[in-house]
Amino acid sequence: MDWNVNNAFKTYKEMEPKAMMDMTLVPHPDPIDIGLGSSSSDKANTVTPKRKKTMTSVYLKYFETAPDSKTRKCKFCGQSYSIATATGNLGRHLANRHPGYDKSADIVTTSSVPQTPPVVVKPSQSQSKAQAPQLDYDHLNWLVLKWLALSSLPPSTVDERWLGNSFKFLNPAIQLWPAEKYKAILHEVFRSMRGDVKTSLEHIQSKVSVTLGFWSSYQNIFYMSVTGQWIDEHWSSHSLLLDICRIPYPSGGSEIFSSLLKVLKIYAIEDRVLCCTHDNSQNAIHACHALKEYLDGQKVLPFCYIPCAAQTLNGIIDEGLATIKPIISKVREFTQELNGSVELSDDFIQLTTAYQEGNWKLPIDASSRWSGNYQMVNVLCKAGKSLDSVIRNTENCLENRMMLTSAEKNAVTIVHSYLDLDSFHKTTQDMCTNKDLTVGLALLFMDNISEMITTCQKSCHNPDWLRTCAESMAQKARSYNTQVCNVFTYITAILDPRIKTEYIPETLNLDSYIDEARTHFIRNYSSSHFTSSMTSGYRPQDKGGGGNISFAEEIARRKRRGSMSNNVVDELTQYLSESIVPMQTDVLDWWKVNSGRYPRLSNMARDFLAVQATSAAPEEIFCGKGEEIDKQKYCMPQDSTQSVLCIRSWIEAGMKLKFKSNEIDYERLMELATTVAADNSAGSLDKNQHTR
């Protein structure tokens with residue numbers, strides 16, 4: 001952004017060496033007011049040298065008198081002068097150090113936290129060039145605040161001296177708020193935006209599912225994120241972060257349960273939550289079990305919880321790579337050297353071409369996630385000759401520490417071949433890129449992984465150490481299958497028209513589940529329609545005879561209830577009897593088109609298809625993107641974690657940044673900044689041409 005660049009450049013050029021040494025950001029002791037009707041630039045009256053009193057009042061307003069009444073300090077840069085300094089010297093200081101000082105916003109004192117956000121007023125067309133709009137530099141602080149939130153940076157970032165000096169170089173009049181003020185405003189913005197999240201959830205007509213994420217910060221504080229998912233009446237899927245909670249010591253299942261229940265009550269969805277997807281940790285499982293017992297005791301709608309398919313698959317892969325991880329680390333060290341050296345990169349590309357070992361795109365993914373581990377195995381297995389040649393050609397640089405033995409190369413080749421790592425990679429890639437990763441599709445992927453592991457276990461050609469790895473992988477797969485084996489997961493899977501009962505794993509496709517599914521449909525998705533129709537039609541008080549319902553009416557009610565139950569069963573039977581749709585079909589679009597054919601079943605689908613197969617986006621678990629996200633969460637201090645991370649998520653979800661229920665119009669702020677910068681540049685150009 002161009003903040004009065006020309007004036008700042010002139011200041012920099014005309015500075016004396018001593019003045020340049022004083023160019024340090026001095027936080028103003030009194031915060032700047034950013035109230036409604038934000039400060040506009042007061043124009044200094046045109047004065048003549050003869051009117052000394054006017055000159056004195058004009059210059060002294062930009063200096064403050066020290067408590068000892070012996071010195072005056074410039075409000076822009078903090079430079080101190082004796083109280084006896086002539087006003088002419090003060091004027092020269094302002095003209096040399098702070099050109100345009102008479103057009104900058106006045107400095108006033110007020111409370112540390114603004115009461116209302118700034119209002120940006122566009123300049124009128126009749127405004128002359130001499131009265132060009134002046135930027136209220138306090139608006140810059142609102143832009144910085146949004147930058148902090150979207151970059152997941154703590155408010156203490158603004159206390160960095162060189163950041164402040166960079167802004168000072170552009171314009172000495174700029175004053176950044178202190179970190180404590182940014183922190184206080186971020187907390188207020190968080191409270192205002194959370195009100196909008198509550199309002200959004202109040203209007204939801206379907207059930208809500210939640211996902212849980214956990215991590216520890218550099219302060220060794222344990223956190224939990226709670227995200228809500230639902231499908232609206234237009235068949236659009238929504239995902240919104242509800243809260244980030246600090247889990248108190250000892251951070252076990254009971255503490256997680258208490259924190260989770262508190263979030264559900266804050267948003268008043270404890271009686272509408274259908275499912276919780278957790279990260280497979282034992283504490284999370286215990287917390288979800290406690291929540292189910294609580295909700296069952298409250299006699300609300302049935303609740304279930306399932307493990308994260310992506311976390312489970314990532315754990316399975318880690319078990320498969322366990323024996324070759326030291327080798328992968330050695331290849332990763334070589335790859336990092338390769339990515340950082342143009343000479344090594346050129347040699348590698350030339351050698352892979354000469355050896356016909358494929359086309360490699362640099363830099364190679366060297367992350368510690370599965371995507372990086374897969375690339376390290378690929379480099380060794382598919383470009384082994386090129387790797388050896390590069391290492392030999394740079395013995396002095398790499399000191400032979402990266403040379404691999406024949407046994408190491410053979411071990412990696414065996415794992416890559418017999419565990420079929422290419423299929424694992426294709427599976428994770430599809431999970432990362434598929435926008436309709438329903439529970440049914442995740443079960444299809446996991447069932448295929450289980451079959452691959454079983455094949456490896458049964459192979460008589462594999463060494464014992466590989467069969468041991470395969471057994472550890474199989475244990476994790478069986479644990480996942482056991483946890484997802486329930487009627488609610490079954491219902492969620494069959495409501496995916498790409499899956500239905502045809503692609504459900506045999507362990508889940510039990511005959512009893514279809515009967516339980518029908519019972520659930522009838523109990524929860526036909527009685528509500530029956531009750532509503534009765535309310536709008538016959539009412540007991542409409543009859544005479546004391547309002548008692550006749551025996552004939554009771555018979556009619558039973559007939560209607562039975563008819564509606566049969567319709568529900570017929571909807572389910574008809575739906576399951578039809579062929580599955582292609583895998584590329586958009587599931588929500590399919591239900592949107594076919595909801596007229598299945599009016600009751602579509603209501604069930606809206607609830608259950610919101611259940612998430614993973615507790616986090618698969619690319620965060622399998623790809624290098626997750627490392628960046630983990631770093632941001634790890635480095636965030638406790639006093640800003642909740643506000644900054646929630647605000648960022650809400651803005652990215654399309655919500656407007658608000659302060660005390662007032663929306664901050666960032667588009668207008670940027671428009672004004674651009675206009676002022678353009679006017680200043682044009683004015684400077686005119687001045688230079690006039691001088692010539």
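Predicted model: local features only at pLDDT ≥ 70, side-chain atom pairs only at ≥ 80, totals over all residues.
Residues are numbered from 1 along each chain as its sequence is written, and side-chain values use heavy atoms, with hydrogens and water left out.

The axes of α12 (residues 342–354) and α14 (residues 384–393) come within 9 Å and cross at roughly 140°; axes are lines fitted to C-alpha atoms, for helices over the stretch in contact, and angles run from 0 to 180 degrees between N-to-C directions. The two helices, α12 and α14, are therefore oblique to each other, given that angles under 35 degrees count as roughly parallel, over 145 as roughly antiparallel, 65 to 115 as roughly perpendicular and the rest as oblique. Helices (H or I, at least four residues) and strands (E, at least two) are DSSP runs, numbered from the N terminus.

On the α12 side the contact (heavy atoms within 4.5 Å) is made by L344, D347, F348, L351 and T352, and on the α14 side by S386, L387, S389, V390 and N393. These residues divide into five nonpolar, four polar and one charged, where Ala, Val, Leu, Ile, Met, Phe, Trp, Tyr, Cys and Pro count as nonpolar, Asp, Glu, Lys and Arg as charged, and the others, Gly among them, as polar.

Helix α14 is mostly covered, with seven of its ten residues buried, that is, under 20% relative accessible area, with exposed meaning over 50% and partly exposed in between (1.4 Å probe, protein chains only). The buried residues of α14 are G384, S386, L387, D388, S389, V390 and I391.

## Packing of α5 and α7

Helix α5 (residues 139–150) packs with helix α7 (residues 179–202) at an angle of about 70°, their axes lying 11 Å apart, and α5 and α7 are therefore roughly perpendicular to each other. Here N141, W142, V144, L145 and L148 of α5 meet Y182, I185 and L186 of α7, a contact with seven nonpolar, one polar and no charged residues.

## The five-stranded sheet

An open sheet of five strands has the order β6-β5-β4-β7-β8 with mixed pairing, two strands being paired if DSSP finds at least two bridges between them. The edge strands, β6 (237–246) and β8 (304–307), each pair on one side only, and neighbouring strands of the sheet are turned by 25° against each other on average, direction ignored.

Within this sheet, strands β4 (residues 208–216) and β5 (residues 222–231) run antiparallel and are joined by eight bridges; the bridge partner of S209 in β5 is Q229.
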